[in-house]
Amino acid sequence: MAAVSGVRRAVDWVRWYVREVSGESVYDRYVTHARSHDPDAEVMSRREFERRRMDERESDPRKGFRCC
C-alpha cells in the first residue's frame, strides 16, 4: 500500500510540475484571484484569457515572447 501511495504522490507532483512549467495553471490562479476579490465579477473564459495573455506577451518584446 505504501508503494501505491508513493507512486500516487509522484504522479501528482509530475502533474503539478508540468502544469506550472507549461503555464496551464495560470488561468486557474486568475479565476481564484478574480473570485476572491469580487465574487460577483464576471470571469473571462479560458479562451478569452489566453487570447489576452498572448496579445499582451506579443505586444512587449521585453517579456521574452519574441526575439525581434
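Mentor: Contact means heavy atoms within 4.5 Å. This is a predicted model, in which local features need pLDDT of at least 70 and side-chain atom pairs count only at pLDDT 80 or more, while totals for chains, interfaces and linings use all residues. Residues are numbered from 1 along each chain as its sequence is written, and side-chain values use heavy atoms, with hydrogens and water left out.

Trainee: Which residues is M44 in contact with, leaving aside its neighbours within four places in sequence?

Mentor: With those neighbours set aside, M44 is in contact with Y27, Y30, F49 and R52.

Trainee: What makes Y27 count as buried?

Mentor: Buried means under 20% relative accessible area, exposed over 50%, and partly exposed in between (1.4 Å probe, protein chains only). The relative accessibility of Y27 is 14%, and therefore Y27 counts as buried. Y30, at 18%, is buried as well, and F49 is buried with 10%.

Trainee: Which residues form the largest nonpolar core?

Mentor: A nonpolar core is a set of buried Ala, Val, Leu, Ile, Met, Phe, Trp, Tyr and Cys residues joined through side-chain atoms within 4.5 Å. The largest one here has seven residues, namely Y27, Y30, V31, A34, V43, M44 and F49. Helix α2 (residues 25-37) supplies the largest share of this core, four residues. Helices are DSSP runs (H or I, at least four residues), numbered from the N terminus.

Trainee: Why is the pair of Y30 and F49 called stacked?

Mentor: Rings of Phe, Tyr and Trp (its six-membered ring) pair if their centres lie within 6.5 Å; planes under 30 degrees apart count as stacked, over 60 as edge-to-face and the rest as tilted. Y30 and F49 have 4.9 Å centre to centre and 20° between the planes, so the pair is stacked. This pair links distant parts of the chain, with Y30 in helix α2 and F49 in helix α3 (residues 46-59), 19 residues apart.

Trainee: How many aromatic pairs does a search of the whole structure find?

Mentor: The search finds four aromatic pairs. One of them joins Y27 and Y30, at 5.9 Å centre to centre; the planes are 45° apart, so this pair is tilted. Ring pairs link Y27, Y30 and F49 into a cluster.

Trainee: How do you know that W13 is exposed?

Mentor: W13, in helix α1 (residues 2-22), has a relative accessible area of 52%, which is over 50%, and so W13 is exposed.

Technical notes: Helix = DSSP H or I, 4+ residues; strand = E, 2+ residues; numbered from the N terminus.
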